Amino acid sequence: MEQWRSYRSSVDFAPLSGLPVVHYSRFSTKAAEVPFSVFKELFHLLVRKMQLGSSPEANFPKELLLIDSTTMTVGKTRLPWAHYHGERAGIKLNVALRAEDGQPLQVVETLGSKHDGPMSEALAQPDYIVVMDRAYGKLERLDEFKIQGQSFVIRLRDNVHLEKPHALSRLKEADSSVIRDITCQLGTPQCRSKQRHRVVMFRDFEGREIRVVTDLMQVTADKSHRCIRLDGRLKSFSDGSSNI
């Protein structure tokens, strides 16, 4: 809300709430003793208060929910219970962010070494269209989402095999970057999706071919691939490790 210049400035506002005047160093020392669970509960309380209603983006049946993670690392001696790799320890924040207003809907913390994929079940919300990167594109998970009615747009790994593709008829948009729009099963005989899924292929700004899988059939191919571009905004914020 930009009402405080910094964390330290909260000391200046303490008297306004009837609290005693203290030096900022004493305040910081006491804050370090507050259990993590208290800060976590305060954060989720703030998130709930900020979740105001908003309408879905035009031509989408539901609002978009961007899911990604960021890893924060420190020296391994500071968090010996959260070994990451090498001389570092780390924790990971898995975030579900509303594309409409840029506000977090849910945040789950894990060890930095934990894979992103399983967290999609904890962050998925049937009232939203979840938008995720390749780490979340496990074939069994895609089938489960489709059966459960969880709408999704997820980037596919480049090596996923497309089985029995069937082209969908569509009206091409001017200057469209879409290459192909099909339904198919995904994977090899050893590991293949039981459901048929829609796959949209397009070229990004650098000419690379990108593939996304979705359950949305009433949305145009051009509209569906824009979801991944939205997810890229979150990725640019959270990609890589944030060193504390």
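Predicted model: local features only at pLDDT ≥ 70, side-chain atom pairs only at ≥ 80, totals over all residues.

1. H44 is buried, with a relative accessible area of 18%; buried means under 20%, exposed over 50% and partly exposed in between, with a 1.4 Å probe and protein chains only. H44 sits in helix α3 (residues 36-50). Helices (H or I, at least four residues) and strands (E, at least two) are DSSP runs, numbered from the N terminus.

2. Residues are numbered from 1 along each chain as its sequence is written, and side-chain values use heavy atoms, leaving out hydrogens and water.

3. Strands β3 (residues 88-98) and β4 (residues 104-111) run antiparallel, joined by seven bridges; two strands pair if DSSP finds at least two bridges between them. Five residues lie between the strands of this hairpin, where G102 has a positive phi near 70°. Across the pair, N94 stands opposite V108.

4. T110 belongs to β4 and counts as buried at 12% relative accessibility. Beyond its neighbours within four places in sequence, T110 is in contact (heavy atoms within 4.5 Å) with I91, K92, N94 and M119.

5. Please look at K164 in strand β7 (residues 162-167). Its phi is near 50°, positive although K164 is not a glycine. Most residues other than glycine have a negative phi. K164 is exposed, at 56% relative accessible area.
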